[in-house]
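Reader: Hi! I'm new to reading structures. Could you walk me through this one?

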Amino acid sequence: MQTPAQAIVPGVLEVITGPMFSGKSEELIRRLKRARIARQRVACYKPDIDLRYHRTAIASHSQQTHDAQTVRSVEDLRAVLFPILADVEVVGIDEVQFLSAEVIPLVAELIMLGKRIILGGLDMTFEAEPFGPVPQLMAMADKVTKLSAVCMVCGQPAIHTQRLGQSQELVVVGATGLYEARCRTHFTPHVDESGSEQLELVARADV
Ligand code: ADP
Ligand code: MG
């Protein structure tokens, strides 16, 4: 019996998601390192909006890193990936929420070309809205790993990313930076610069 000469076994899509500080980058780095131990050829990318720590690596808040190339857009990603694609078995992308919806057909194409694609990205914004292409990528995935962080108020599992506003009332003592992880109970939707939304919420809670 004849089989088509070009038959390619489809690859798989894995999505690692959850709020900030939930360990998405750690988990992505862990999977990429294991793939390399298995002698698979890995290519890793991140959008250039996220320049924390490194330009040439993805990094976790716990200082773990993995070499990565910074891309400005999905078009840019395609332009750097396709010339080396024949030599690549595993494609990692961190902070995928910052890429446009054009990443969705690209990922679908890579799956059909037999690649293993591992994506890390936020599922929700700090306003608890679906974040960019991530929800659709989760729907397409073979495997979704939804991680939780630790709520910085109570220590329970946190699914939200809280943006810390200007106003003192809701800024938790000891909080550093602009964002922190919060559980459903302690998450409050974003406060604008003037704090008006926050004040409105506080006022409503008082009634
Ligand atoms: P993500 O990519 O999801 O933002 P990282 O992989 O960069 O997460 O970082 C996870 C690490 O962040 C944890 O292993 C821990 O060392 C640290 N960390 C800091 N704050 C928290 C928190 N609130 N909950 C969990 N981990 C935290
Ligand atoms: Mg990360």
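Author: Happy to! This is a predicted model.

Reader: OK, zooming out: in what order do the strands of the open sheet come?

Author: There are six strands, in the order β5-β2-β6-β7-β1-β8, and their pairing is parallel.

Reader: Why is one side of β5 and of β8 left without a neighbour?

Author: β5 (69-71) and β8 (143-146) stand at the edges and each has a single partner strand, so one side of each has no neighbour in the sheet. On average, neighbouring strands of this sheet are turned by 20° against each other, ignoring direction.

Reader: Nice. Where does helix α2 lie?

Author: Helix α2, residues 74-81, lies across β2, β5 and β6, and runs at about 140° to β5.

Reader: New topic: the ligand! How many residues surround ligand 1?

Author: 15 residues surround ligand 1, and the closest are K24, S25, S60, H61 and V150. The elements giving two or more residues to this shell are α1 (24-37) and β9 (149-150).

Reader: Which one gives the largest share?

Author: α1 does, with three residues of the shell around ligand 1.

Reader: Last one: how do the shell residues divide into nonpolar, polar and charged?

Author: Around ligand 1, six are nonpolar, seven are polar and two are charged.

Methods:
Residues numbered from 1 in each chain as written. Chains lettered and ligands numbered in written order. Predicted model: local features only at pLDDT ≥ 70, side-chain atom pairs only at ≥ 80, totals over all residues. Near = placed C-beta within 6 Å. Helix = DSSP H or I, 4+ residues; strand = E, 2+ residues; numbered from the N terminus. Nonpolar A, V, L, I, M, F, W, Y, C, P; charged D, E, K, R; others polar. Pairing = 2+ DSSP bridges. Axes fitted to C-alpha atoms, helices over the stretch in contact; angles between N-to-C directions. Contact = placed C-beta atoms within 7 Å.
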